[in-house]
Each structure stands twice: as C-alpha cells, then as structure tokens.
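Hi,

Here is the structure I promised to pass on. Have a look at it first, and my notes follow below.

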Amino acid sequence: MPLAIVVAQIVAVVVPGYFAPGTPVQFMGMVWGPMIGLGLLSIWWLFLSRAPWSVKAWIVLVFAMGIIAANLLVHPTIPFMLLVYGLPAATTTFVVAYFLTRGTSWRLRSVVMTAGILGAWGFWTLFRLDGADGTLSAQMSLRWSPTAEQIFLEQLAQEPSPSTEAPEATVPPLALQPGDWPGFRGPQRDSVVTGTVIETDWKKSPPQERWRRPLGPGWSSFALVDGHLFTQEQRGDQEVVTCYDAASGKPIWIHENDYRFTETVSGAGPRATPTFHDGRLFTFGAGGILNALDPATGKEIWSRNVAEDTGAKVPEWGFSSSPEVVNDAVIVYVGGKTGKGIAAYDRTTGEPLWTAEAGEHAYGSPQRTDLGGVDQVLALTDAGVTSVDPVSGTEIWNYDWPSAPYSRVVQPLLVGEQQVLLGTGYGMGSRLINVARSGDEWTASEEWTSRNLKPYFNDTVVYGDALYGFDGNIFTCVDLKTGDRAWKRGRYGNGQVLLLEDQGLLLVLSEKGEVVLLEATPEKHRELAKFKAIDGKTWNHPVVAHGTLYVRNGEEAAAFALPVKTTEVPADPEPAPES
C-alpha cells in the first residue's frame with residue numbers, strides 16, 4: 001500500500017503535464033496529488049503499520065520539523081516547489097527507508113527513516129527556481145550560482161552605455177518604411193508577413209546569422225522601424241525600453257523607469273511590445289507605466305501611471321498589453337474591478353481620454369478591426385470579448401464567454417468580414433462567433449466551439465480555410481469552417497508562429513529557440529526545414545522584416561538573414577537566322 005501511494009503521488013505530479021499541459025487537470029494533479037498522498041500515507045503509518053507508537057509519533061514529528069525547517073531555509077522562489085516536488089520526495093525516501101531496513105531494530109529503522117526524510121527536505125535548500133516552461137516543469141539552478149540576468153548585468157557594465165545626449169536637431173526623425181514591423185505581431189497584429197519569398201531548402205541555403213547579443217529578461221517582442229529595433233527588458237531595478245541597430249544589433253539608446261516586476265513562474269521583466277505610430281514610440285511596462293518616447297533618441301515626451309489613473313492593481317503576471325494607437329488615442333488593456341478595463345490616452349499630450357468596462361483580467365492587447373464597416377477595438381477578457389468605439393470608448397457590442405478564474409492571453413482574430421475567433425487555454429478551446437449589425441443593433445452568436453485548439457499564450461494564424469496554432473504545446477491545424485482537427489503534430493513546446501503569406505509557409509519559433517519551417521496545408525504536417533536560433537525558454541513572438549528574422553527571449557537576441565528566393569530572368573532567345 002505505501003509503495004502504491006508514493007507511485008501515485010509521482011504519477012499525479014508528472015503525467016498530466018504530458019497529456020494535459022497548462023490545464024486545470026495538470027495543476028490539480030501537481031497540488032492535490034502530493035497532499036492526498038500524504039493524507040493516505042499518514043493513515044497507513046498511524047493505523048495500519050506495525051511500528052511502535054513511539055516510532056510513529058517520532059516520524060510524524062520529524063516530518064513536521066522538516067517541513068517547517070525547509071520553508072524557513074529554502075530560497076524565496078522554492079516554497080511552492082516544496083509542495084509539488086519536495087513532499088513526494090520526502091514521502092518516497094521515507095517509504096524506501098522503511099522497506100530497506102526491514103528485519104532490523106526499530107531504533108535503526110527510525111534513524112534511517114529520519115535521515116531520509118530530513119535529507120529529502122534539506123535537498124531543496126540547495127536550489128533556486130528560475131521559472132517554469134509551458135508545461136509547468138520547474139527550471140532550477142543551484143541557489144548560489146549567478147542568474148542569467150546577473151551575468152548579463154556584469155557583461156553590460158563592461159560595455160559603453162549608449163548615448164542619448166545628442167541634440168535633437170542632429171538626429172533625424174524616424175518614419176515607417178515599407179516592410180517595417182511597427183508593433184506587436186506586425187502591422188495588423190495578425191502575425192502575417194507579406195512581400196517576403198524565401199528558399200525552403202535550408203540545407204542548401206541556410207539562414208545566415210547577422211548578429212547575436214545578450215538581453216535583459218522580458219517577454220516583449222520587437223518592433224522594427226526605419227532600421228531601428230525596439231523592445232523592453234528588465235535590468236536590475238530598472239525597467240527599460242531599448243533601441244538597437246537592426247543591421248548590427250548595437251545599442252542606440254535606452255530609456256529607464258524605476259520599476260522591477262518579477263514572478264516565480266515566468267520570471268522578471270516587462271511583457272508588452274513597443275508600438276510605433278506617426279513618429280512616436282509608445283510602451284507599456286509590467287507595472288503600468290505608459291510612455292510616449294521619441295523613437296530616434298529615446299527622449300520621454302510624456303508618461304502616465306495607468307495603474308494609478310484607473311485604480312487597477314498590478315496583475316499576477318504583470319500588465320501585458322501592447323499599446324494600440326487609433327487616430328488620436330493610445331489604448332491599453334488594464335483590467336481590474338473598477339470598471340475601467342480599457343483606458344485611452346491622447347497620443348500627443350498623454351491626457352486621459354476615456355475608460356471602458358471590459359472584464360477584470362486579461363493578458364492580451366487591444367485589437368483594432370473593422371466589422372460591418374465600423375472601426376472598433378476588441379478586447380478578449382475573462383468575461384468574453386468586448387468591442388468599443390476607439391473615439392469615445394462607448395461599447396459597440398459584447399459577447400459573454402466567461403473563463404474565470406482562468407486568464408485569456410491571445411488576440412481576438414478577425415476571420416473574413418464578420419467572424420471573430422476567440423481562443424482560451426486551460427482546456428477550454430476556441431470559439432468562432434458571427435457578428436452582425438442591423439441598424440444600430442449588434443448581435444454576436446456562436447458558430448462553433450472546438451477543444452481541438454486550446455491556445456494559452458500562443459497566437460494563431462489563418463491561411464485559406466485552415467487555422468494553425470498550438471493546442472497546448474503541440475502544433476495543430478483546425479478546419480476553420482467546422483472546428484474539426486485536420487492534424488495535430490509537432491512538439492515545439494509553447495512556441496509562436498508567423499505566416500509567410502506569399503508562399504503559404506508557417507515559421508514556428510519553438511519554446512526552446514528552434515526555428516521550424518512548415519507548409520501551411522491541412523493535408524498533413526509537413527516540416528520543410530529547421531535550425532537552432534537561440535538558447536533558453538523562448539516565449540517571445542518572432543519578427544520577419546526586410547528578409548531578416550529577429551528572435552529573442554529572456555536571455556539573448558539574434559538576427560538571421562533568410563535565404564531570399566530570387567527569380568531568374570531567362571535570357572533573350574537568339575534571333576532566328578534570316579532566310
């Protein structure tokens with residue numbers, strides 16, 4: 001019986017991560033598996049084992065002392081891991097010691113069991129939690145080893161700081177160029193790349209690395225405008241907006257705010273991607289600081305603390321909304337319980353324009369779209385999806401699809417002219433809704449709901465009549481008309497995807513930093529090429545602009561020239577001989 005209990009504990013913690021990653025099933029197994037196992041083991045030990053009562057009482061006391069001491073001595077990031085991993089380890093060593101010492105005196109058995117229990121608890125005092133991957137598998141290091149951020153900051157101290165002291169008159173303003181990538185997921189926030197045609201045989205014509213450099217932690221992606229790359233990073237107690245030369249990766253300027261955001265699972269750093277619009281750069285930090293910057297110099301034009309303006313608390317995973325700019329309004333998602341879930345500011349002055357109610361929490365971004373010929377902004381939240389007028393903030397329509405207590409992260413996706421796709425992780429799935437207008441009245445109704453695609457923080461793309469994205473941590477193709485699965489294959493972890501629309505290709509950046517090229521076809525999973533781009537947990541969205549692939553994570557960034565396909569022009573035929 002005790003052996004079966006400890007095996008069941010281990011199975012409850014480990015197995016759901018393979019079959020139901022990122023779902024309530026996995027979380028419940030990780031939390032309740034060890035606790036229920038401890039309860040059952042306690043019943044066996046106290047009432048069914050043959051140990052003397054003095055030994056039973058002693059082992060219970062040792063367990064309690066071990067738990068208390070471990071919680072006091074472990075690294076601050078470890079306590080939750082004591083429940084998930086430490087408790088099964090302690091119960092397992094106890095049971096193994098119990099059986100290995102059969103036939104010896106209870107005095108010796110008590111000593112061995114005590115050593116095993118305390119050793120199992122003490123083992124966790126040696127480690128630090130560096131976060132978890134998309135399946136909630138812990139990433140740990142020795143607690144005294146330097147973190148990636150500490151190593152980065154030491155390297156940074158040896159480099160000359162980028163100067164932003166040049167007079168503005170000497171720095172030409174930046175302007176959006178054809179083929180630029182002005183913000184989160186590209187010009188339309190849909191991860192679609194146009195105007196780029198590449199070779200697909202990467203063994204013959206592989207992508208060529210242009211540069212590589214370390215970065216501070218953060219899950220921001222890149223914006224690329226006029227040869228400048230913009231992103232956000234954490235550097236110690238400074239939350240920074242950084243600008244790099246797109247061709248060389250060399251730093252151009254930094255803008256600092258005194259704020260540090262970190263949490264145990266994802267780690268430190270800002271989440272949102274900068275947005276370029278009409279000569280200005282807008283950034284939103286994890287603590288709620290909204291900046292308008294001169295993109296050429298990094299000089300601050302205006303700054304607002306959105307959390308203070310709206311009364312919202314910093315969410316569990318930090319403010320994550322990439323600013324959306326519509327006409328004169330800079331719009332971000334805030335959430336909270338004050339009824340000010342969406343906030344808009346004047347892009348010129350930074351003065352508040354309006355707020356609108358839209359759920360209580362979400363980690364996606366406002367999505368500008370045109371439905372029924374009406375310009376509107378969508379927000380996918382724990383309550384469902386809300387559409388507001390970008391000028392006034394007045395609600396146009398909403399659709400209820402509650403996900404509480406779980407959060408939504410991905411963008412609402414416009415399909416055709418009047419359908420919107422909503423995605424949710426945690427086992428809920430995707431839903432396609434029809435949005436119709438009759439005069440001033442709007443209605444939204446369900447077309448289909450499918451659990452074949454359950455995107456957590458991994459956005460999807462549409463090509464033809466198929467939808468491509470991550471069902472948990474496995475890449476999947478779904479029929480856009482029915483929600484039926486076409487195929488599910490490709491274990492790329494919790495990665496991100498771009499659509500190279502001109503060729504019908506999918507470029508996937510895996511959770512481990514591998515770039516994979518797929519054919520966008522519902523027929524079957526066809527992997528055309530792949531290569532390793534960067535190391536470490538990679539959740540950031542990739543960028544393709546001007547034939548170059550830009551990737552980053554919480555430790556490094558790199559740029560690769562893609563093998564651009566050239567069309568050979570046939571030579572003029574030889575003139576026919578005169579007869």
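Is His541 buried or exposed? His541 is buried, with a relative accessible area of 10% (buried means under 20%, exposed over 50%, partly exposed in between, with a 1.4 Å probe and protein chains only).

Before you read on: this is a predicted model, where local features need pLDDT of at least 70 and side-chain atom pairs count only at pLDDT 80 or more, while totals for chains, interfaces and linings use all residues. Residues are numbered from 1 along each chain as its sequence is written, and side-chain values use heavy atoms, with hydrogens and water left out.

Back to His541, which is in the loop between β34 (527-532) and β35 (543-545). Helices (H or I, at least four residues) and strands (E, at least two) are DSSP runs, numbered from the N terminus. The His541 side chain makes polar contacts with the side chains of Asp459, at 2.9 Å, and Gln496, at 3.2 Å. Polar contact here is a pair of N or O atoms within 3.5 Å; within protein, one must be able to donate a hydrogen and the other to accept it, and residues adjacent in sequence count only if both atoms are side-chain atoms. Leaving aside neighbours within four places in sequence, His541 also touches Arg185, among others (contact means heavy atoms within 4.5 Å).

Arg185 sits in the loop between α7 (148-157) and β3 (192-193) and is buried, at 3% relative accessible area. Its phi is near 65°, a positive value in a residue other than glycine. Asp278 also has a positive phi, about 50°, but Asp278 counts as exposed at 55% relative accessibility. For context, most residues other than glycine have a negative phi, and most peptide bonds are trans. The bond from Ala404 to Pro405 is cis, with omega near 10°.

Now the helices. The axes of α1 (residues 2-14) and α3 (residues 24-48) come within 8 Å and cross at roughly 170°, so the two are roughly antiparallel. For α4 (residues 53-73) and α6 (residues 106-123), the axes come within 9 Å and cross at roughly 15°. That makes α4 roughly parallel to α6. Axes are lines fitted to C-alpha atoms, for helices over the stretch in contact, and angles run from 0 to 180 degrees between N-to-C directions; under 35 degrees counts as roughly parallel, over 145 as roughly antiparallel, 65 to 115 as roughly perpendicular and the rest as oblique.

Cheers
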